[in-house]
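Thanks for coming, everyone. Please have the sequence and the model open while I talk.

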Amino acid sequence: MVYEQCIYKDNVEYLFKNGEVIDNVEFLERFVKTLNLCENDICIMDRAGYLDYIQPLFENKGKSKLIAVLHSDHFYKIYEDESSLYMNYEYYYWFKYSEAIDYFVVGTDEHKRSLEAFLKEYDCFVPHIAAIPPGAIPEGKLKSKNNRRRGSIISASRLSPRKGIDILIKSVIKAHEINQTINLDIYGSGDDGYTIYLKNIVKDACADDYIHFKGRCNLEKIYPHYELFASFSLWETFGLSLMEAVGDGLAMVGLDVRYGNRLFIHPDENGYLVDFDIETDFQNKDKLCERTAAAIVKIFEDDNRLKKFHENSYMIAEEYKEHVIESKWMQLIKNIP
């Protein structure tokens, strides 16, 4: 045994054989120093919120290269996040010392442009920024054999206010009044209070027979049974579930928000983006639900157009196959100065 890790609530210490006791920061500093990083090394920082390792890495990186991956958005507007923070606290340290970073990696080109503008606005050093999706569609994925249930809609997300599941439910209720074949399955779990609120919306509208809560499960073989994927999130940094949905050829509908919806929903090609303004529509959801309901109804009006949407989603998915994403990473590594 070299050491023992001792955990006391939020405090972590390490006890070595010789009786020496050090804290987490010193432990990580010792570890990073032992790596003896040089110009041939590349370190990828994948979690900004865990600060204990970042300072030792910055101080002991030597001539190695640092890549910082942003998995979530770097800022929020009012109403978008429960914390009401403008800047994402996880990335504050990275932005403050951005001169020590060789590359930022974000999920989309739109996020890349937004991040560049943000860093310039706050007088931060702007390192190289690459847009590489944080996920990929497996090679050889087969197309659906037309087993899609008629009028079927799927949503897959955490059940939280930011995901706009209440907007989706109310929109489906309105759409069902016009087209009774429309049905919705909601996959995911979340806050108990919010989940109860959502279920009460369904119960009060007597919509239990066509709106169902499915909980969390592996959706790999479930997507192909649906015709339409719905994303009414207030924002999606990338949206792995959206990528998976286009990979299985679903038509798409969602709010016109950054970044994932605009990436995977191509208006009039594989679905529709619904006009959305966070400040006005958040206060008047009834009108928003009328617009989203109209978009849902329109998608199911024409079978030939819906089939075209399915085919176009498969085409969009080609840009996210594993070999494409791998090549983007290889290109980044080759271009690091």
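**A covered strand and its neighbours**

Let's start with strand E9, which is mostly covered: 5 of its 5 residues are buried. Keep in mind that this is a predicted model.

Which way do the side chains of E9 point? Asn 183, Asp 185 and Tyr 187 point one way, and Leu 184 and Ile 186 point the other way. All of them are buried. Here is the background. In a regular strand the side chains alternate between the two faces of the sheet.

Now the neighbours. E9 pairs with E8 in the parallel sense, over 5 bridges. Within that pairing, Ile 154 has Asp 185 of E9 as its bridge partner.

Next, the nonpolar residues. As a general point, nonpolar side chains tend to be buried together in soluble globular proteins.

How many residues does the largest nonpolar core have? It has 42. Those with the most contacts inside this core are Ile 153, Ile 169, Val 172, Ile 211, Val 253 and Ile 296. Several elements give two or more residues to the core, among them E9, helix H6 (192-204), H5 and E11. Helix H10 (285-299) and helix H11 (303-317) are also on that list.

Take Ile 211 as a case. Leaving aside residues up to four places away in sequence, Ile 211 touches Ile 169, Val 172, Ile 173, Leu 184, Ile 186 and Val 202.

**A four-stranded sheet**

Please turn to another sheet. Here 4 strands form an open sheet, in the order E4-E5-E6-E7, with parallel pairing. Which strands are at the edges? Strand E4 (42-45) and E7 are, and each pairs on one side only. On average, neighbouring strands of this sheet are turned by 25 degrees against each other, direction ignored.

Let's walk through the pairings. Strand E5, residues 65-69, pairs with strand E6, residues 103-106, in the parallel sense over 3 bridges. Ala 68 stands opposite Phe 104 in E6. E6 then pairs with E7, again in the parallel sense, over 4 bridges. Phe 104 has its bridge partner in E7 as well, and that is Ile 129.

E6, helix H4 (residues 109-121) and E7 make a right-handed β-α-β unit. One more helix belongs in this picture. Helix H12, residues 322-335, lies across E4, E5, E6 and E7. H12 runs at about 170 degrees to E6.

**Salt bridges**

Last topic: charge pairs. Side chains of opposite charge can pair when their charged atoms come close. The structure holds 16 salt bridges.

One of them joins Lys 141 and Asp 248, with the closest N and O atoms 3.6 Å apart. Why does this pair tie together parts that are 107 residues apart in sequence? Because Lys 141 lies in the loop between strand E7 (128-131) and strand E8 (152-156), whereas Asp 248 lies in the loop between helix H7 (240-247) and strand E12 (251-255). Lys 141 has 30% relative accessibility and counts as partly exposed. Asp 248 is buried, at 4%.

Another salt bridge joins the side chains of Lys 163 and Glu 236, at 2.6 Å from N to O. This pair also links distant parts of the chain, 73 residues apart. Lys 163 is in the loop between E8 and helix H5 (165-178), and Glu 236 is in the loop between strand E11 (228-231) and H7. Buried or exposed? Both Lys 163 and Glu 236 are buried.

Then Asp 256 and Arg 262: their closest N and O atoms are 2.9 Å apart. Asp 256 is partly exposed at 25% relative accessibility. Arg 262 is partly exposed at 36%. Finally, salt bridges that share partners join Glu 20, Glu 26 and Arg 30 into one network.

Definitions and conventions: Residues are numbered from 1 along each chain as its sequence is written. This is a predicted model: local features need pLDDT of at least 70, side-chain atom pairs count only at pLDDT 80 or more; totals for chains, interfaces and linings use all residues. Side-chain values use heavy atoms; hydrogens and water are left out. A salt bridge is a side-chain nitrogen of Lys or Arg within 4 Å of a carboxyl oxygen of Asp or Glu. Buried means under 20% relative accessible area, exposed over 50%, partly exposed in between (1.4 Å probe, protein chains only). A nonpolar core is a set of buried Ala, Val, Leu, Ile, Met, Phe, Trp, Tyr and Cys residues joined through side-chain atoms within 4.5 Å. Contact means heavy atoms within 4.5 Å. Two strands pair if DSSP finds at least two bridges between them. Axes are lines fitted to C-alpha atoms, for helices over the stretch in contact, and angles run from 0 to 180 degrees between N-to-C directions. A crossover is right-handed if, with the strands pointing away from the viewer, the path from the first strand over the helix to the second runs clockwise.
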